[in-house]
Amino acid sequence: MKVPGGTTSGVAIVSFNPPLSSSAFSSYGWKGNDNAPISRGAAESCSTALNRLLDPAYPDPQQPGQALPQRSLRLSADTAVCYWPSKESGEEFTSAFGGLLEARPEVVKELYRSIWRGQLLQIEDESAFYALTLSGAQGRAIVRDWFESTVANVARNMALHFQDLRIVRNTPKPKEHDLPPQFPMSGLLKSLAPRGDSERIQIPLIGQIIEAALRGTPYPFSLLQRAVERTRAEIGNNDWTDLDRRDVRAALIKAVLNRRKRFFPDTTHYKEVHPDMDPTNLSEGYTLGRLMAVLERIQQQAVGDVNASVVGRYFSGASATPKTVFVRLLKNARHHVAKAKDDEAKAGFIFVLDKLIDELASRFDPKQNGFPAHLDLEQQGLFVLGYHQMRKWLWMSREERTEWESHHFQAPREYLWSKGKN
């Protein structure tokens, strides 16, 4: 079988290593592959089926020169997921499944149209749907995950997967095209590895993310830890690719936290996170992340450099042990405010930013111990989201701000800028 990560000659579906002793594989009189639990015919049938699934252009035996529909997607250098339906009625959805995993806009759009507008068509199909995640290593095939459900359930769960990943983008729009509306599975996985080193993606995590997307179950908690760690490691990098990777990780963090809230409401003490900035979200981590974004914006105004940022130096500490960091940051902010107010062109903007600092900092009453000494991992994830969404909010265009305020007209007056209510 041509399993990713396997040898160039292929991976055997049945094999036995040479025994260290002559009797290691012959205690019942059988030798070598005679020990296999399946027959030669069954093994050959399985190999043929897997080769067909793994081949991106497997020849159609009924139509010479034509290829059968693709039934696998490469997730990393050594891992792929294969998928297929049990009946012909599921072929239409299955043909689009690879496009869903890679978030091709036209496929995702059609899925949303089918599910959310009630035009269920093939999505009503209750026939079986299967997915198999395989890795190759040291000449062997490793089954990472086996999934079995129905076409209808998979379609609904994939729609929920994209819904949970929805978040505002800080990445600038490219000149030649719009930003993709959704994040592909390959992009999700690559964002968790150091930039340019996708081979360092943790292989077990790949199968766990696929399983959660297909089953509609909570994403692995280790995904949250990995995303937070990579965000801290790369927070000072600001070229286009870095911003895009940051957007992807924020989407993953949001998806993990929101599903945990739905599945474990009694043990998750925070509000579900919206796709855009929510001024009514009072979670400590989320509020502190937003405060960090405001402090960054004030510094940029004071020094006249949009690349100047307290974030690269203080983000990690502020998101883990805020009490030791924010007292210093607020003192520095007062100096930045005083400096920027001397510039008449900036004075009005600095005034409203200063009021935002007061509004956010007032949520941490010194009589109640003020800023928290530590944030747990969930709150650290919320810190990342608060910073991400507030940063977008602070840089919104006039049209974007008007649109935001039309949906958040009951927000505190500090956030209603377009109508002069601040």
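**Exercises on helix packing and burial**

Helices α10 and α11 are oblique to each other, a class left after angles under 35 degrees (roughly parallel), over 145 (roughly antiparallel) and 65 to 115 (roughly perpendicular) are set aside. The model is predicted, with pLDDT of at least 70 needed for local features and 80 or more for side-chain atom pairs, while totals for chains, interfaces and linings use all residues. Residues are numbered from 1 along each chain, and side-chain values use heavy atoms, without hydrogens and water.

**Exercise 1.** Describe how α10 and α11 pack.

*Solution.* Step 1: α10 covers residues 311-320 and α11 covers residues 322-340. Step 2: their axes lie 6 Å apart at an angle of about 130°. Step 3: Y314, G317, A318 and A320 of α10 are in contact with P322, V325, F326, R328 and L329 of α11 (heavy atoms within 4.5 Å). Step 4: by class, 7 of these residues are nonpolar, 1 is polar and 1 is charged.

**Exercise 2.** Which residues of α7 are buried, and what percentage of the protein counts as buried?

*Solution.* Step 1: buried means under 20% relative accessible area with a 1.4 Å probe, protein chains only. Step 2: in α7, L223, L224, R226, A227, V228, R230, T231 and E234 are buried. Step 3: of the 422 residues of the protein, 49% count as buried.

Notes
Buried < 20%, exposed > 50% of the residue type's maximum accessible area, 1.4 Å probe, protein only. Helix = DSSP H or I, 4+ residues; strand = E, 2+ residues; numbered from the N terminus. Axes fitted to C-alpha atoms, helices over the stretch in contact; angles between N-to-C directions. Nonpolar A, V, L, I, M, F, W, Y, C, P; charged D, E, K, R; others polar.
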